[in-house]
Each structure stands twice: as C-alpha cells, then as structure tokens.
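Dear colleague,

I am passing on the structure below, and I would be glad if you could look through it alongside these notes on one helix pair and some of the charged contacts.

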Amino acid sequence: MPWLHLYVDTSGRAKACCNGNITFGNINEQSIDEIWQGEPIRKFRRLLLAGEKDKRCASCFDREKAGKHSMRKETLAKFSHKMSWVKNTHIDGISPDSKPIYFDIRFNNLCNLRCRTCWHGASSSWFEEANVLKQNFGEKAIIEASKDSQSFIDQVLGLQVDIEEIYFAGGEPLMMKEHYDLLEGLIKNAQTKVHLRYNTNLSILSLKGRNVLDLWEKFDRVTVSASIDGLGKQGEYIRKGLVWEKFESNMHSIKSNLPHIKLEIAPTISIFNVLKLGELHHYFVDAGLIDINSIYINVLSRPDHFNVKILPSEVKKKASKAISQHIDWLSTQGATTTVISEFRSVIDFMNQDSWTHQLPKLKKQLKVMDEMRSENYEKIFPEFKQMLDLV
C-alpha cells in the first residue's frame, strides 16, 4: 500500500488507507511529491520491509482471522505487477520508481442522507442532530479536505503516471463538484483506462447539468457499489432521506444504459438488517440488477449499540438460520466460495461475543432518534418490540 496507494481523509490528512490511522502528511501543507517521499511514509515502508506488523493495521488482520477478505489481500492481488517498486526500495525507504497510482480521495463529507449507522464526520446532513447529541465532528456541517481542491486535482492529474484506480466514497461522491472535475480532467488527459470504483447511496446521477452516466460512458472500467441496507420502508428508515423508488430507478438506469458497468450492492450489516440479509440479496438478483456474486458485505463495528453482537441468543439463532438457508440457495446458483464465505463470516462475527448489556443503550438510542425524526421503530421493525420490551 505505501508504494502505490494514497488515501486523503476529509481533514486533508494523507494516510496509508481508510482503515488504519497511519498518517503521512497533509495535502494543505505539503505537495503529493513531498508526502510520497517524506519520512513518515518511508518509515512505514522500512517497517514493512523488515517483516513487522503495525498494530494500526489490525483491521485487515482481524478480517483475515475471521475468514474475510481484506484490503491488504485485495491490494496484493490487484497490484502484484508493481512488486518491483517494493523490491527496489532503498535502505532509507525511498522508492525511486514508486508513485501513487491508486487513490482514495474523500473531498468532503457532503451527503444528503442521515443513515442511522453513520455520523457527522461522514455526512454533512448529520450536523444538526449530532449537535443535539453532542457527537458533532467540527463546528461546520460541511468538512472539506482541501482549501484549494482544484490545485490538488491538478497535482493528481500532473503526476505523469498511469493512474490505475480511483475509489470514490464520502459523504456522497456523486454530490461533489470535485468528483466531476476530476473525471473531466481524466478524460481530457486520455486516462480513461483507470478503474473507477464507487461507494454511493445512488440517490442522484447528476449535479448542476453534469450527468455522471455521460462521463462513465467514456471509461473502460467502472464499479458501482450501491449502499443499501434494506428494502422499501425499512431501507428508508435505516438510511434517512433515501427514496426507495428513486434508488431502484437509478439502479435500472445504470443497468440499461451502461451495461459495461459492474453494479453491486454493498449493505452494512447491523441489527437492522441481519435477519433479512438473504432477502435483500435475493431481491436484487431476482430483479436482474446484479449477478449473484455482486455483493460486498460490510459488517458494522461501531456504534456498539447497532452491532449484531448485542442481539439476544434467540435472535442470533434466527438470523443464523436465515443466513444459512440463503447460503444453501447460493450453493445451488453458482455463487463463488468467496461470496459464500462472506455470508458465513457474518454468522461467525455475530456469535463471537455476547453484548446484550448494550440492549438498554439501543432502546434509548432508538427512542431518541425516533423522536427527533418523527419515526417509530416498532412500526418499521415490529420484531424489535418483543426483543426490547423486557429491557
């Protein structure tokens, strides 16, 4: 990763990746070149070359221990052709040929949804509620990575290297002007072979007259991971601001207009949807919107009170049975072993520990948020009523 990947968070900090808190510099204080050959990134390279593990990389190692694929392994698989950059590294950590060719740039936290499992740092729409809950991340709703985004984009485009992959997440990337500016710059530079990857709520497909479908059409490889956690009203409850019909319509627009795009769903597994995970996957496969292997499962860790580990044992048994039945169906439909193992890992993760002591906190949190949003969890998730009545 430190030989080819550069992640920039919404504070402008350049880091090793989006999961590990390993900081190399700040794009508001240094150029990309200065960050890329600076002492922090060289120190990290030296540590890895010595065969040591950094405890801040625990996210990947924990996923691997649980039988899940990790960003570490994904990167090794995708970029093995750049291993010479690692082998030719000098003793001081400088890699003469190495340049960032895989970017993850979080330009800002701009987002139109207030997902239950999200927070202000990743969604500007959360700001007012976060202030009430005293969970705000900064004094402004919108947090921007760069004081001069165009200058940073110009740096990326001027690296004189074949960028291989750019991952867009947020916030909501399809709401960000900078995202469209970068794509137009890549097209102008004839860098249309770059793999564009997205994590998007897919609520919009255009911004101020710029239609993302028109831009995607010019790129050879685009992967769109649609963040969706539930069907219909349940999906709208989990992801506040989601309009189910619009989301489904946008999925169909991509599928029918740009068949070369890899379209997948990326649910975040929490107490809200673990019982219906198989149903969710089944729906999009049956609708012909995704193939059976086009799902990326992200199991929620925080906040604790939405983590599936808090569920009572009888609910865990019910969820385990439902997922196991879905796995049986996957096995008859040509699903890969990787996808099947991802579903199995949800069961394993859920049953690792018992966090039922968090149930009172869950009940309180649901009631507080329902009051703020004029909602009622008992109507949307009637199974929660029985589960929480005794708490």
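In helix α15, L359, L362, K363 and L366 meet F384, M387, L388 and D389 of helix α17, where contact means heavy atoms within 4.5 Å and helices are DSSP runs (H or I, at least four residues) numbered from the N terminus. The residues of this contact divide into 6 nonpolar, no polar and 2 charged, with Leu, Met and Phe among those counted as nonpolar and Asp and Lys among the charged.

This is a predicted model, in which local features need pLDDT of at least 70 and side-chain atom pairs count only at pLDDT 80 or more, while totals for chains, interfaces and linings use all residues. Residues are numbered from 1 along each chain as its sequence is written, and side-chain values use heavy atoms, with hydrogens and water left out.

Turning to charge pairs, the count comes to 23 salt bridges, each defined as a side-chain nitrogen of Lys or Arg within 4 Å of a carboxyl oxygen of Asp or Glu. One of them joins K177 to D181 (2.6 Å, N to O), and these two residues, 4 apart in helix α8 (residues 177-188), are separated by about one helical turn. K177 is partly exposed at 49% relative accessible area, whereas D181 is buried at 15% (buried is under 20%, exposed over 50%, partly exposed in between, with a 1.4 Å probe and protein chains only). Salt bridges that share partners also join R116, K240, D370 and E375 into one network.
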